Structures are given as C-alpha cells and as structure tokens.
Amino acid sequence: QVQLVESGGGLVQAGGSLRLSCAASGRTFSSYAMGWFRQAPGKEREFVASINYSGVSTYYADSVKGRFTISRDNAKNTVYLQMNSLKSEDTAIYYCAALRSGSSSYDYWGQGTQVTVSS
C-alpha cells in the first residue's frame with residue numbers, strides 16, 4: 001500500500017511558476033513509476049507527465065512539453081512537477097499517481113492539489 005500526498009498548489013498569474021510535490025509513504029517508492037494527472041472543471045482527467053522508477057525516462061503531454069518538468073528523489077520518497085510559463089488552461093486539480101511494475105493502470109492516487117492560473 002502506498003499513500004500519496006500532494007502539495008504546492010495555489011494561485012499564480014499567467015506566466016508564473018509553481019512546483020508541486022508528491023510525498024509517498026512506504027519503503028518501495030523507488031520501484032514505482034510515478035505520474036501526474038490533472039482534471040479541470042467539466043473535463044475528464046488527463047495525463048500530464050510520468051517518470052520511470054529510476055528517473056531516467058520521462059514522458060509529457062504535448063500541452064505541457066517544454067514548460068513542465070517531472071523529477072523524483074527516491075531518497076525522499078517524493079516526486080515533483082515543476083511548472084513554468086503557466087497558462088490559464090493549466091488551471092485544474094493536479095493528482096499524482098503510482099504505478100506498480102507490471103500493472104496496466106495506476107494503482108494509487110493522491111487526493112489532489114488545486115492549481116489556479118489567473119490571466
């Protein structure tokens with residue numbers, strides 16, 4: 001069992017930056033791939049970025065590529081999402097999730113953190 005707690009959300013002006021953090025419980029954090037997702041009001045949840053267990057491989061949605069950076073610190077059981085050049089369309093609740101090796105879908109989810117970008 002893994003518990004995930006996001007933090008770092010808030011209100012920021014367009015063009016600004018935020019860094020989200022997701023702290024994980026448990027001793028096996030380094031064996032999980034991690035992802036960030038978001039859900040805007042009235043929209044379905046969408047993929048934002050993911051990182052493999054070692055941090056070597058990362059993937060991004062086209063909408064955030066070049067602006068967002070996902071990273072992880074396995075010693076701190078934490079995954080980060082650095083968000084730069086924020087746009088109003090980035091406004092959403094951001095969730096982190098953990099994917100076990102061999103699993104076809106994310107197994108554990110955090111409660112989410114609100115990001116609001118004012119134009």
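This is a predicted model: local features need pLDDT of at least 70, side-chain atom pairs count only at pLDDT 80 or more; totals for chains, interfaces and linings use all residues.
Side-chain values use heavy atoms, with hydrogens and water left out.

Strands are described first. Here a strand is a DSSP run of E with at least two residues, numbered from the N terminus. Two strands pair if DSSP finds at least two bridges between them. An open sheet is formed by 4 strands in the order 1-3-8-7, with antiparallel pairing. Strand 1 (4-7) and strand 7 stand at the edges of this sheet; each has a single partner strand, so one side of each is left without a neighbour in the sheet. From one strand to the next the twist averages 15°, where axes are lines fitted to C-alpha atoms and angles run from 0 to 180 degrees between N-to-C directions. Strand 7 is joined to strand 8 in the antiparallel sense over 6 bridges. Within this pairing, Thr 69 has Gln 82 in strand 8 as its bridge partner.

Strand 4 (residues 33-39) has 6 of its 7 residues buried (buried means under 20% relative accessible area, exposed over 50% and partly exposed in between, with a 1.4 Å probe and protein chains only). Strand 4 runs antiparallel to strand 9 (residues 92-99), and 7 bridges join the two. Gly 35 has Ala 97 in strand 9 as its bridge partner. Strand 4 is also joined to strand 5 (residues 46-51) by 5 bridges, again in the antiparallel sense. In this pairing Met 34 stands opposite Ile 51. Strands 4 and 5 form a hairpin with 6 residues between them, and Gly 42 in the turn has a positive phi of about 75°.

A nonpolar core is a set of buried Ala, Val, Leu, Ile, Met, Phe, Trp, Tyr and Cys residues joined through side-chain atoms within 4.5 Å. The largest core has 30 residues, of which Leu 4, Met 34, Trp 36, Leu 81, Met 83 and Tyr 94 touch the most other members. At least two residues of this core come from each of strand 3 (18-24), strand 4, strand 5, strand 7, strand 8, strand 9 and strand 11. A second, separate core has 5 residues, including Ala 33, Phe 37, Leu 99 and Tyr 106.

Aromatic pairs were also searched for. A pair of aromatic rings is described by the distance of the centres and the angle of the planes. Rings of Phe, Tyr and Trp (its six-membered ring) pair if their centres lie within 6.5 Å; planes under 30 degrees apart count as stacked, over 60 as edge-to-face and the rest as tilted. The whole structure holds 5 aromatic pairs by this search. The ring centres of Phe 37 and Phe 47 are 5.7 Å apart and the planes lie at 75°, so this pair is edge-to-face. Phe 37 in strand 4 and Phe 47 in strand 5 are 10 residues apart. Phe 37 is buried, with a relative accessible area of 10%, whereas Phe 47 is partly exposed at 30%. Phe 37 also pairs with Tyr 106: the centres are 5.0 Å apart and the planes are at 80°, so this pair is edge-to-face as well. Tyr 106 is in the loop between strand 9 and strand 10, 69 residues from Phe 37. Ring pairs link Phe 37, Phe 47, Tyr 106 and Trp 109 into a cluster.

Asn 77 is in the loop between strand 7 (68-73) and strand 8 (78-83). Asn 77 counts as buried because its relative accessibility is 18%, and its phi is positive, about 55°, although it is not a glycine. A polar atom of the Asn 77 side chain lies 2.7 Å from the backbone oxygen of Gly 26. Ser 85, in the loop between strand 8 and strand 9, has a positive phi near 50°. Ser 85 is partly exposed, with a relative accessible area of 40%. Gly 110 lies in the loop between strand 10 (108-109) and strand 11 (113-118). At 12% relative accessibility, Gly 110 counts as buried. Leaving aside neighbours within four places in sequence, Gly 110 is in contact (heavy atoms within 4.5 Å) with Leu 4, Glu 6, Tyr 95 and Cys 96.

Conventions. Residues are numbered from 1 along each chain as its sequence is written. A polar contact is a pair of N or O atoms within 3.5 Å; within protein, one must be able to donate a hydrogen and the other to accept it, and residues adjacent in sequence count only if both atoms are side-chain atoms.
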